[in-house]
Amino acid sequence: MLNDFISLFFPNYCLACNRGLAKGEKLLCLKCEYNLPKTDSHLHHDNFIASKFYGRAKLLHAVARYKFNKSGKVQRLLHRLKYGDKPELGTLMGSEYGKELREANFSEHYDVIVPVPLHKKKLRRRGYNQSAMFGTGLSESLELPQYENALVRNIYTSTQTKKSRLDRLKNVKTIFGYNKEVSLSGLSVLLVDDVITTGATLEACIEALTEAGATSIGVAAIASAK
Ligand SMILES: [Zn+2]
């Protein structure tokens with residue numbers, strides 16, 4: 001609370017722990033940068049994120065940089081990215097993670113990056129799509145183009161937390177479509193999101209990408225729940 005108050009007046013604070021940033025640190029302090037719980041999922045093909053999609057979608061990769069824990073520092077970061085008017089945090093996460101993915105040869109597997117879309121009403125309100133900001137950073141480091149408007153969100157959804165998994169899945173399948181003016185035919189797509197929980201949103205997006213003609217798909221997120 002006090003830290004949040006202080007940070008109002010001193011904007012150069014770490015977005016994960018609220019401490020003041022030292023010279024040369026950007027958005028995150030070195031300690032948090034070092035200690036945030038990484039998954040290393042890009043080094044292990046059959047990781048816990050990939051297992052969420054077994055029997056649901058065939059993917060080239062399923063990776064996320066951090067482990068998501070409710071009320072942890074990663075959750076605080078994602079909250080600030082989404083609601084704290086910090087689009088630059090998404091870009092930073094993307095460019096840093098992109099360097100790691102590039103070392104693991106991800107650039108060779110994909111033609112384009114496509115973010116999970118926001119409904120245009122929500123986009124207008126927030127001013128940016130946090131997943132597309134992450135995609136922008138990835139795009140720089142991986143040297144792949146991002147097609148920000150390749151997918152569209154047709155339905156404005158309220159919070160889905162109270163619905164059963166099946167209802168949510170049925171609901172989510174009608175939500176996404178693809179933009180007929182953007183050709184994905186024959187392309188390999190890296191689909192990006194901020195956080196993976198059940199994988200239902202991504203599964204619906206994967207279906208839309210497949211309908212749009214994408215031949216292979218992988219997913220990358222900033223964080224994933226177990
Ligand atoms: Zn910190």
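Donors here are N, O and S atoms within 2.8 Å of the metal. In this predicted model, the zinc ion picks up its donors from C14 (SG), C17 (SG), C29 (SG) and C32 (SG), at 2.3 to 2.4 Å. The angles among the four donor atoms run from 105 to 115°, so the site counts as tetrahedral, the requirement being that all angles lie between 85 and 135 degrees. As for accessibility, C29 and C32 are both buried.

Zooming out to the whole protein chain, the fold is made up of nine helices and six strands. The protein chain has 226 residues, and 51% of them count as buried. Looking at contacts with a separation of 6 or more, 75% come from residues 24 or more positions apart.

D40 isn't a glycine, yet it has a positive phi of about 60°. This residue sits in the loop that links α2 (30-35) and α3 (48-52). Its relative accessibility is 37%, so D40 counts as partly exposed. D85, also not a glycine, has a positive phi of about 50°. Its spot is the loop between α4 (73-83) and α5 (87-103). D85 counts as exposed because its relative accessibility is 56%, and the cut-off for exposed is over 50%.

Notes: Residues are numbered from 1 along each chain as its sequence is written. This is a predicted model: local features need pLDDT of at least 70, side-chain atom pairs count only at pLDDT 80 or more; totals for chains, interfaces and linings use all residues. Side-chain values use heavy atoms; hydrogens and water are left out. Donors are N, O and S atoms within 2.8 Å of the metal (3.2 Å for Na, K and Ca); water is not among the atoms, so sites may look incomplete. Four donors count as tetrahedral if all angles lie between 85 and 135 degrees; four count as square planar and six as octahedral if opposite donors are over 155 degrees apart and all others between 65 and 115; anything else is irregular. Buried means under 20% relative accessible area, exposed over 50%, partly exposed in between (1.4 Å probe, protein chains only). Helices (H or I, at least four residues) and strands (E, at least two) are DSSP runs, numbered from the N terminus. Contact means heavy atoms within 4.5 Å.
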